[in-house]
Amino acid sequence: MDWLTPDHFTTQFLAGHGNFRYKLASLKLVDSAMCECGEIETCEHVLNECPRYQEEKEKAIRNLQEDHLVMSSMIATRQGFEIFRDVCREILTKKEEEDRRKIRNPE
Ligand SMILES: [Zn+2]
């Protein structure tokens with residue numbers, strides 16, 4: 001499993017305590033644990049449920065030829081891990097951009 005090399009993005013999902021509001025709120029770093037879509041923003045929510053990242057997830061699901069994203073099965077193979085790594089990077093890059101935009105332009 002020498003190909004399983006976590007990076008900045010995959011670590012946030014693998015460890016389950018990345019830059020997600022549920023975690024940040026528990027540390028009192030943000031006021032609300034809610035995602036923009038109205039659900040609690042956990043790692044599982046972002047990877048499996050959140051409609052904000054549907055496009056990124058659908059691409060990964062197509063590449064994996066699966067019905068949905070399951071982290072444990074994705075990281076079980078080299079090819080799966082590469083898809084997992086890409087979708088983690090795409091989701092978190094988009095999320096970081098949106099979060100930054102929101103800080104600059106609060107409603
Ligand atoms: Zn959401």
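Where does Val46 lie? Val46 turns up in helix α3, and the rest of the chain can be laid out around that residue. The model is predicted, so to speak of a local feature takes a pLDDT of at least 70, side-chain atom pairs count only at pLDDT 80 or more, and totals for chains, interfaces and linings use all residues. Numbering starts from 1 along each chain, following the sequence as written.

On secondary structure, the chain comes out with 6 helices and 0 strands. Helices here are DSSP runs of H or I with at least four residues, strands are E runs with at least two, and both are numbered from the N terminus. Read along the sequence, that gives the pattern α-α-α-α-α-α.

Overall dimensions come next. A compact globule of 107 residues would have a radius of gyration near 13 Å, and the 14 Å of this chain agrees with that. The radius is taken over C-alpha atoms, and the globule rule is 2.2 Å times the number of residues to the power 0.38. Along the principal axes, the C-alpha atoms fill a box of roughly 40 × 25 × 20 Å.

Burial was assigned by counting neighbours: a residue is buried if 20 or more other C-beta atoms lie within 10 Å of its own, exposed if 12 or fewer, and partly exposed in between, with C-beta atoms placed from the backbone. By that count, 25% of the 107 residues are buried. Among contacts between residues at least 6 apart in sequence, 36% join residues at least 24 apart.

In soluble globular proteins, nonpolar side chains tend to be buried together. A nonpolar core is a set of buried Ala, Val, Leu, Ile, Met, Phe, Trp, Tyr and Cys residues joined through C-beta atoms within 7 Å. In this model the largest such core has 16 residues, and the members touching the most others are Val46, Ile83, Phe84, Val87, Cys88 and Ile91. Two or more residues each come from α1 (8-14), α3 (43-49) and α6 (78-104), and α6 gives the most, with 6 residues.

Back to Val46: this residue counts as buried because 26 C-beta neighbours sit inside 10 Å. Setting aside neighbours within four places in sequence, Val46 is in contact with Phe20, Glu41, Tyr53 and Ile91. Lys57 is 11 residues away from Val46 along the chain, and their C-alpha atoms are separated by 9.8 Å. Ile91, leaving out residues up to four places away, touches Val46, Tyr53 and Glu56.

Leu4 belongs to the segment before α1, whereas Ile75 is placed in the loop between α5 (71-74) and α6. Leu4 is partly exposed because 14 other C-beta atoms fall within 10 Å. Ile75 has 20 of them within 10 Å, so Ile75 is buried. Beyond neighbours within four places in sequence, Leu4 is in contact with Ile75 and Phe81, while Ile75 is in contact with Leu4, Gly80, Phe81 and Phe84. Ile75 and Leu14 are 61 residues apart in sequence, yet 9.4 Å apart in space, C-alpha to C-alpha. Leu4 and Leu29, by contrast, are 25 residues apart along the chain, with C-alpha atoms separated by 31 Å.

Cys37, in the loop between α2 and α3, is partly exposed because 13 other C-beta atoms lie within 10 Å. With neighbours within four places left aside, Cys37 is in contact with Cys50, Pro51 and Arg52. The C-alpha atoms of Cys37 and His17, 20 residues apart along the chain, are separated by 19 Å.

Which residues other than glycine have a positive phi? Lys28 has phi near 60°, and Gln65 has phi near 55°. Lys28 is in the loop between α2 (21-26) and α3, and Gln65 is in the loop between α4 (54-64) and α5. Lys28 is exposed because the count within 10 Å is 7 other C-beta atoms. Gln65 is also exposed, because 6 other C-beta atoms are found within 10 Å.

Note on methods. Contact = placed C-beta atoms within 7 Å.
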